[in-house]
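Work through the exercises below with the sequence and the coordinates at hand. Each task is followed by a solution in steps.

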Amino acid sequence: MIPGPFAYHRPKSVKEAIAMLADLGEDARPLAGGHSLIPMMKLRLAAPAHLVDLGAIGELKGIRSEGGDIVIGAMTTQHELIADAGLAAKLPLLRETALQISDPQVRYVGTLGGNVANGDPGNDMPAVMLCLGASYHVAGKGGERRIAAREFYESAYMTALEPGEMVTAVRIPVPPKGHGSAYEKLKRKIGDYATAAAAVVLTLSGGKIAACSIGLTNLAETPLWAEAAAKAVVGTALDPAAVKKAAAAAEAIAQPASDNRGPAQYRKKMAGVMVARALERAKSRAA
Amino acid sequence: MAKIRVSLKVNGKAVEALVEPRLLLIHFLREELNLTGPHIGCDTSHCGACTVDLNGKSVKSCTLFAVQAEGGELLTIEGIAAPDGALHALQEGFREMHGLQCGFCTPGMILRAYRLLKENPKPSEDEIRFGISGNLCRCTGYQNIVKAIQHAAAKLAGAPVKEAAE
């Protein structure tokens, strides 16, 4: 399969990339790892006239601490997230999620920025970012701004990004020490998108859930932040009744499509199962 | 569209060419450089038959443009044996342990295993299976591929190698 023709640009800095995206207008697309965009271009489902390759921009790489936050450059690959020992210690949820994305070859090239900015409801990181309360650093011709992940996703492939803007980094507030987290993903085979998946972060106090946040993947046109499900377990010892309530609350907001991964009714049910499993595993890891 | 100059190292040799930006790396390797070891299997980033090593990473060359390899160092199955033709431990392992039947997935499988063993010289069986999860084989059932990689790992570590598969 051969993609349609396009002009190729390889800027060296974010400033240069932004200027190009602004000049070239809506016919231009930024190219990160390209493992969503290039397959789409091969199928001719996407045919940008210009590709602005972000691969040579050093400032978009890397993982750093800033106050209580971790800031990850948009071009940091899933493989680099997995390999970072410091990140695994502070935020094990990211490594656990990245390991469940596609396969080794794709993880070497696929980036965190591309995963969160593409707006594909099948991508795993967006729900994790909703769960963690992350925000995205966005650069455009008008300057820089930050958009909360919870306000970023509008519909499938539709995000709060304006034309000419790009995500440059992901900012994640580090959950308190002793927190427990889990990403539970049901998939047909290794490398697949989720039939249903749930991300959980929680903290314990005296054996009871003190705080909890839940995100859901591939269960609607956008990732979902399951507030009611999380609320259902706060203040409980995560007894079976509380887990059941949380699962039901997650099922209530899930609106999956019927597809090759199963009928909508099944996928909805699996949303609850993933939430229940993720809650229990997160609790078992919390101190 | 205007062609773009791309220069990189392929199997240790400097290569330079004028290419259309939309030229996929796999087509560049097969059609411009006549390196037909990397195969086109699914052409949808799933099967791994097109896997090559680029800048120390296993990549699916059907999902990269040749222009993205600018300045890179690339290794294909054609470059994996020693200059005198002596087989790489992985090639020997696949032969000894019958790690292939039709052979279509083998170049991608070996290139992936090459990077896996660089990063993890003593992988467990589970680590091998997880490590090659981006490469599909429709013949072997993977059993002998795993044995082939274990054979190569042992050989590279200077350990005694197991007898060939029955």
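**Exercise 1.** Determine how strand β6 (residues 135–140) of chain A pairs with strand β10 (residues 166–173) of chain A, and which residue of β10(A) stands opposite His137(A).

Solution. Strands here are DSSP runs of E with at least two residues, helices are runs of H or I with at least four, and both are numbered from the N terminus. Two strands pair if DSSP finds at least two bridges between them. Step one: β6(A) and β10(A) are joined by five bridges in the antiparallel sense. Step two: opposite His137(A) lies Ala169(A) of β10(A). The model is a predicted one, in which local features need pLDDT of at least 70 and side-chain atom pairs count only at pLDDT 80 or more, while totals for chains, interfaces and linings use all residues. Residues are numbered from 1 along each chain as its sequence is written, and chains are lettered from A and ligands numbered from 1 in the order in which they are written.

**Exercise 2.** Find how β6(A) pairs with strand β7 (residues 143–148) of chain A, and explain why β6(A) counts as largely enclosed.

Solution. Step one: β6(A) and β7(A) pair over six bridges, in the antiparallel sense. Step two: the two strands make a hairpin with two residues between them. Val138(A) has Arg145(A) of β7(A) as its bridge partner. Step three: a residue is buried if 20 or more other C-beta atoms, placed from the backbone, lie within 10 Å of its own, exposed if 12 or fewer do, and partly exposed in between. Five of the six residues of β6(A) are buried, so the strand is largely enclosed by the rest of the structure.

**Exercise 3.** Give the strand order and edge strands of the open sheet of three strands in chain A.

Solution. Step one: the order is β1-β3-β2 (chain A), with parallel pairing. Step two: β1 (7–9) and β2 (28–31) of chain A each pair on one side only, which makes them the edge strands. Step three: neighbouring strands are turned by 25° against each other on average, direction ignored; axes are lines fitted to C-alpha atoms, for helices over the stretch in contact, and angles run from 0 to 180 degrees between N-to-C directions. Step four: β1(A) and strand β3 (residues 50–53) of chain A share three bridges in the parallel sense, and Tyr8(A) stands opposite Leu51(A) in β3(A). Step five: helix α1 (residues 14–24) of chain A lies across β1, β2 and β3 of chain A, at about 155° to β2(A).

**Exercise 4.** Is Leu90(B) buried or exposed, and what does it touch?

Solution. Step one: Leu90(B) is found in helix α2 (residues 89–96) of chain B. Step two: Leu90(B) is buried, because 28 other C-beta atoms lie within 10 Å. Step three: not counting residues up to four places away in sequence, Leu90(B) touches Ile110(B), Ala113(B), Tyr114(B) and Ala152(B).

Note on methods. Two residues are in contact if their C-beta atoms, placed from the backbone, lie within 7 Å.
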